[in-house]
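Hi there,

Here is the structure I promised to hand over to you. Please open it and keep it beside you while you read.

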Amino acid sequence: MISTYELDQAKARQRYRNRQSNGFGKNFERFVTMGCDFYKREGLADISKVDEPFRVIRLLKNGKFEGRFIRKANPDFEGTVRGGRSICFECKYTSKGRIQQSVITKKQEEVLDNKYRLGGIVGVCCGIGDRHFFVPWEVWINMKLYFGRKSASAEDLKKYEVPFRQGIRFLDNIFRSMYDTTND
């Protein structure tokens with residue numbers, strides 16, 4: 001039988017892992033935002049972080065408040081790239097060896113599917129350890145077909161790897177394919 005002490009220790013370890021994962025995810029989004037800032041400065045895109053939908057319940061002291069989410073969140077980033085095409089994507093990070101397709105919520109999937117059907121640039125900007133990828137929606141939603149399972153490793157995604165220079169440069173591969181004239 002597990003003692004109360006062992007149970008408390010296990011819960012404390014889980015809380016620590018959850019906070020650590022949350023911190024990694026927040027940092028990953030900051031690096032993506034730095035990439036958005038780079039593309040905006042260069043006149044290549046105007047992409048913004050979408051705020052979480054919440055309502056303030058009660059104001060507290062020192063600029064703090066109590067709040068609650070009022071609906072399921074949309075994807076993390078939306079905007080427009082040079083030429084007028086829309087872009088919409090979700091950010092996900094894992095320190096484990098594989099990223100699971102199921103990290104995208106049903107609501108996010110619905111929004112991303114709709115934007116994809118309308119012709120937008122849609123995908124998932126993801127990090128696996130210290131590597132970064134922009135996975136086209138067509139590939140993400142069909143992981144089982146592409147990789148034989150509903151998860152992907154960094155090696156599976158190497159074709160979609162993007163550099164980290166002045167932030168995560170998630171659009172570099174897309175711009176390269178859009179403006180590549182060597183195939184003409």
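Below is what was found in it, beginning with the inside.

A quick word on the source: this is a predicted model, in which local features need pLDDT of at least 70, side-chain atom pairs count only at pLDDT 80 or more, and totals for chains, interfaces and linings use all residues. Residues are numbered from 1 along each chain as its sequence is written, and side-chain values use heavy atoms, with hydrogens and water left out.

**The cores**

In soluble globular proteins, nonpolar side chains tend to be buried together. A nonpolar core here is a set of buried Ala, Val, Leu, Ile, Met, Phe, Trp, Tyr and Cys residues joined through side-chain atoms within 4.5 Å. Buried means under 20% relative accessible area, exposed over 50%, and partly exposed in between (1.4 Å probe, protein chains only).

The largest nonpolar core has 22 residues, and Val 32, Ile 47, Phe 89, Cys 125, Phe 170 and Leu 171 have the most contacts inside it. Two or more residues each come from α1 (4-41), β1 (45-49), β4 (77-81), β5 (86-94), β7 (121-128) and α5 (172-179). Of these, α1 gives the most, with five residues. Helices (H or I, at least four residues) and strands (E, at least two) are DSSP runs, numbered from the N terminus.

Contact means heavy atoms within 4.5 Å. There is also a second, separate core of 20 residues, with Val 124, Phe 133, Met 143 and Leu 157 among them.

**Gly 127**

Gly 127 sits in strand β7 and counts as buried because its relative accessibility is 0%. Leaving aside neighbours within four places in sequence, Gly 127 is in contact with Phe 28, Lys 92, Tyr 93, Thr 94 and Ile 99. Gly 127 and Ile 168 are 41 residues apart in sequence, and their C-alpha atoms are 9.7 Å apart in space.

Apart from neighbours within four places in sequence, Arg 169 is in contact with Phe 38, Tyr 39, Val 162 and Pro 163.

Phe 164 lies in the loop between β10 (161-162) and α5 too, but Phe 164 counts as partly exposed because its relative accessibility is 39%.

Enjoy exploring!
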